[in-house]
Amino acid sequence: MRAYQLKRIDKQHEMHIQAWLNHIAGSTKEQGKKQVPVFKRFEDFYNYEEELKKVERPERSKLSPKLQRMASLAAKINLGRGIADG
């Protein structure tokens with residue numbers, strides 16, 4: 001029963017995202033005395049090709065020196081070498 005309820009919540013979440021995107025896609029702005037669409041083309045709203053590139057070639061995030069030290073320490077601990085081992 002819990003799995004069903006969680007699945008239902010996920011479906012509702014997707015529906016609300018879709019409603020929000022429909023609202024944004026239909027947005028207009030005032031230009032002079034008339035209303036014009038904010039997005040003139042679908043690509044202005046969602047760049048499919050760019051999203052594919054993000055998946056195919058993910059950029060490595062740049063870590064601050066502090067986060068690099070923390071990641072290094074975590075890797076050492078995960079490999080079984082404690083803090084004192086260096």
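At 26% relative accessibility, Phe-45 is classed as partly exposed. This residue belongs to an aromatic pair in a predicted model, one of 2 such pairs found in a search of the whole structure. The protein has an average pLDDT of 87, and 92% of the residues score at least 70. The points below cover confidence, aromatic contacts, the nonpolar surface patch, salt bridges and selected elements of the chain.

**Confidence**

- Helix H1 (residues 2–25) has the highest confidence in the protein, at a mean of 95.
- Helix H4 (residues 65–78) has the lowest, at a mean of 85.

**Aromatic pairs**

- The partner of Phe-45 is Phe-39, and the two ring centres lie 5.1 Å apart.
- The planes of these two rings meet at 70°, and because an angle over 60 degrees counts as edge-to-face, the pair of Phe-39 and Phe-45 is given that description.
- Phe-39 is itself partly exposed, its relative accessible area being 25%.
- Phe-42 and Tyr-46 make up an aromatic pair of the tilted kind, with 55° between the planes and 6.1 Å from centre to centre.

**Nonpolar surface patch**

- Phe-42 and Tyr-46 also contribute to a nonpolar surface patch of about 410 Å², together with Tyr-48 and Leu-52.
- Phe-42 is located in helix H2, which spans residues 42–45.
- The exposure of Phe-42 follows from its relative accessible area of 53%, because the class of exposed residues begins over 50%.

**Salt bridges**

- The count of salt bridges comes to 2.
- Arg-41 is joined to Asp-44 by a salt bridge in which the closest N and O atoms are 3.1 Å apart.
- Asp-44, the acidic partner of Arg-41, is partly exposed, with 38% relative accessible area.
- Glu-51 and Lys-54 form a salt bridge through their side chains, with an N to O distance of 3.3 Å.
- Both Glu-51 and Lys-54 lie in helix H3 (residues 48–56), and because they are 3 residues apart there, about one helical turn separates them.
- Glu-51 is partly exposed at 32% relative accessibility, and Lys-54 is likewise partly exposed, at 47%.

**Helix H4 and its end**

- Helix H4 contains 14 residues and extends 20 Å from its first C-alpha to its last.
- This span of H4 is close to the expected 20 Å, taken at 1.5 Å a residue.
- Gly-80 follows H4 and has a positive phi, near 95°.

**Strand S1 and Glu-30**

- Strand S1 covers residues 28–31 and includes Glu-30.
- Glu-30 is classed as exposed, with a relative accessibility of 59%.
- In sequence, Glu-30 and Lys-7 are separated by 23 residues, and in space their C-alpha atoms are 41 Å apart.

How values were computed:
Residues numbered from 1 in each chain as written. Predicted model: local features only at pLDDT ≥ 70, side-chain atom pairs only at ≥ 80, totals over all residues. Heavy atoms only, no water. pLDDT = per-residue confidence, 0-100. Helix = DSSP H or I, 4+ residues; strand = E, 2+ residues; numbered from the N terminus. Phe/Tyr/Trp six-rings, centres within 6.5 Å; stacked < 30°, edge-to-face > 60°. Buried < 20%, exposed > 50% of the residue type's maximum accessible area, 1.4 Å probe, protein only. Expected span 1.5 Å × (residues − 1). Salt bridge = Lys/Arg side-chain N within 4 Å of Asp/Glu carboxyl O. Patch = residues over 30% accessible without salt bridge, like charges linked within 9 Å, V, L, I, M, F, W, Y side chains within 5 Å. Areas by Shrake-Rupley, 256 points an atom, 1.4 Å probe, with all protein chains shown as cover.
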